[in-house]
2 protein chains.
Amino acid sequence: MCLTWIDELSRYSSHEIVGVVTELGSKVEKFEVGDNGGVGCLVGSCGSCNNCANDFECYCPKQILTYASPYHDGTKTYGGYSDHIVADERFVLRWPENLPLNTGAPLLCVGITTYNPLCGRITTYSPLGYFRLDKPGMKVGVVGLGGLGHVAVKMVKAFGAEVIVFSTKGQEALQGLKADCFIVSKDQDQMQSAMSLLDGIIDTVFATHPINAPLLSVLKPHGKLLLVGAPEKPLQLISFSLITGRKIVGGSTIGGLKETQEMLDFAASMVWLLI
Amino acid sequence: MCLTWIDELSRYSSHEIVGVVTELGSKVEKFEVGDNGGVGCLVGSCGSCNNCANDFECYCPKQILTYASPYHDGTKTYGGYSDHIVADERFVLRWPENLPLNTGAPLLCVGITTYNPLCGRITTYSPLGYFRLDKPGMKVGVVGLGGLGHVAVKMVKAFGAEVIVFSTKGQEALQGLKADCFIVSKDQDQMQSAMSLLDGIIDTVFATHPINAPLLSVLKPHGKLLLVGAPEKPLQLISFSLITGRKIVGGSTIGGLKETQEMLDFAASMVWLLI
């Protein structure tokens, strides 16, 4: 149940590895030698807990990270610092034919990190949908315009929703990423203009920042502020800001393997997502 | 579209009024003189916004509270301090026959405040369900055992879920309210025993209190901490506590009129809820 491939083309970070399959274990079913494949942030999980059974390996308490985790045999995982990788096929993604290996590689981390909180599709691993910010016509904010923010903007656009970027990089947001609107969150007039208008926000910022007045207040009732950045210091949360609008502050990490495959296939169907 | 009744029997607080209908406006359809009825926290809303259209009058920005709000005609609402009340029938609840007026009255505030975050039924006003903590077999925590906490425990039991109370009132929780388990959140051994076990928590505490280590850590992945108490000072929220388990911190206020009626009918079907 293992396969080997050389990371010939792309090694973008410690946990985004793409390449060509060069060897197959005897029980491998979904790959052939010569196929393109990818390994994201995970190379193992227990396989039997409730999370694994529901395709949420990313929340398995025994998950094994692709980089710097003890593997089943006690060795340490080296992720993107390896020249090749041997992995259980469950943790290897089929690479869509029209998805370039080089520009597609970052999707294995930032792609699934932003796709998961946005996507509310009803699937086996999320039978009731979840945060559901993927509907055309919705207004979705993206806070911060680093790696996660860039991809979040593209994902929101790909779902057909309207994107409002909260950042200092206005020109890049509007021209480069085709965001619909750009707001400087410290500008009170601009913030006032967005009051109670947004269905949700993806917050990608890793620095401690205020969330009550600037962010929760631009959400509609039932709006969702979803954190994918992880500031070290606590955020100050005024509970009244949630209670008066049945709002939520949520967070999510990556996604399970099935969802990551779904995200890659979705990205491949939206070529412009990668431009 | 109005009716009048004398608050003969019960006046529990400023915004929980029950009594007997004594006069009807010409267009009133759902009441007759002599019926029992109730008015909860709301006596008005705009009737045309998206929230009103979806039976979420409690999130209408023009909502009129039963107590201390300016009414349509500019007068001030006096709620439970009145001898009688004239109200639009949309804001008057039909009182179930077997529901005692006196013990049932508090449901108009604490009942709907706890029913709404727990109940995830798929209805016209919440077409996809919402927080969904109403399933038999779930483990649901209740933090604090004041008015809201007492009713929350009963509601969770009524839904068939297991109740874990976090409070100092152990004997009352276990014997009086039939909670399944009682935990002192400052006792690290007790908290350790509940680690990652709960599907959700209803937090009724109005004093500032820690939420990360004691509460978010006893939630399963995808668990929900729902605030109905509103501490004045900010709560300290470590985003990593949410991200690593796709957890959420949410809040909710009361509920719309249709949902409040549903809650009353549900309570009437569960007589022991009122004991």
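Colleague: Across the interface of chain B and chain A, how many residue pairs are in polar contact?

Modeller: This is a predicted model, in which local features need pLDDT of at least 70, side-chain atom pairs count only at pLDDT 80 or more, and totals for chains, interfaces and linings use all residues. Residues are numbered from 1 along each chain as its sequence is written, chains are lettered from A in the order in which they are written, and side-chain values use heavy atoms, with hydrogens and water left out. A polar contact is a pair of N or O atoms within 3.5 Å, where within protein one must be able to donate a hydrogen and the other to accept it, and residues adjacent in sequence count only if both atoms are side-chain atoms. With both residues at pLDDT 80 or more, the number of such pairs between chain B and chain A is 10.

Colleague: How many salt bridges does the rule find across the interface of chain B and chain A?

Modeller: The rule asks for a side-chain nitrogen of Lys or Arg within 4 Å of a carboxyl oxygen of Asp or Glu. By class, the side of chain B that touches chain A has 19 nonpolar, 13 polar (Gly among them) and 5 charged residues (Asp, Glu, Lys and Arg). Between the two chains, the count of salt bridges is 0.

Colleague: Which residue in E15(B) is the bridge partner of Gln236(A)?

Modeller: Strand E15 of chain A, residues 235-237 (strands being DSSP runs of at least two residues), pairs with E15(B) in the antiparallel sense over 3 bridges, where pairing requires at least two bridges found by DSSP. Within E15(B), the partner of Gln236(A) is Gln236(B).

Technical notes. Helix = DSSP H or I, 4+ residues; strand = E, 2+ residues; numbered from the N terminus.
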